[in-house]
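Morning, everyone. Please have a look at the structure on the screen.

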Amino acid sequence: MTYTTSATDAVTGSTPVTCTPPSGSTFSIGTTTVTCTSSDSSSNAATGTFTVTVQDTTAPVFNSGTLSSKSFEFGTQIISETFSANDLSALTYAANDTANFQINPTTGLLTNKTLLSIGKYNVKVTATDLFNNIADTVFTVTVQDTTSPVLTLPAPITAEATSSTGTAV
């Protein structure tokens, strides 16, 4: 953070200003009071303060690699997707469908809690930073049945005709 200060005196003219913390310092998130002083050639001093406020209002950004939706065959699905986002501070992850899915709030690992029924599940994953800036993305899980039925048939049958039209089998 850089800032400019100045001081003038009726007799001396321009006088140097010293501030703490000085211009160019790194300011932490929050509000910092800067104290400045200046003295003229007669040792008359003036002191003043101002505040510098640094804030984080930028939402996290999900990494594009974590946004692909998935399809699973019914009965075989085990969802294990890690969502990640970038931010200046630590993130907490959450998912909206807590009946079917769970997400590790620290790592962003999303897994299913139950065997999912056939259908589509739109899971909204949210990343929240320490300053309550929020980003979300929707991950679609599609559970489908693409497996053909398995037939169980008897061995070939040979039957004796009981009439001129055949026989009941």
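I'll go through the disulfide and then the strand pairing.

A caution to begin with: this is a predicted model.

How many disulfides does the structure hold? One. Cys19 is joined to Cys36, with an S to S distance of 2.1 Å. Where do the two cysteines sit? Cys19 is in strand β3, residues 17-20. Cys36 is in strand β4, residues 30-39. They are 17 residues apart, and the pair links distant parts of the chain.

Now the geometry. The torsion about the S-S bond of Cys19 and Cys36 is about 110 degrees, so this disulfide is right-handed. Are Cys19 and Cys36 buried or exposed? Both are buried.

On to the strands. Let's take β14, which spans residues 134-144. Strand β7, residues 70-73, pairs with β14 in the parallel sense. That pairing runs over four bridges. For a specific contact, take Glu73: its bridge partner in β14 is Gln144.

Strand β13, residues 119-129, also pairs with β14. Here the sense is antiparallel, over ten bridges. Which residue in β14 is the bridge partner of Tyr121? Val141.

So much for the pairing; next, the connection. β13 and β14 form a hairpin, with four residues between them.

To recap. There is one disulfide, and Cys19 and Cys36 are both buried. Strand β14 pairs with β7 in the parallel sense and with β13 in the antiparallel sense.

That's it from me.

Note on methods. Residues are numbered from 1 along each chain as its sequence is written. This is a predicted model: local features need pLDDT of at least 70, side-chain atom pairs count only at pLDDT 80 or more; totals for chains, interfaces and linings use all residues. Side-chain values use heavy atoms; hydrogens and water are left out. A disulfide is a pair of cysteine sulfur atoms within 2.5 Å. Buried means under 20% relative accessible area, exposed over 50%, partly exposed in between (1.4 Å probe, protein chains only). Two strands pair if DSSP finds at least two bridges between them.
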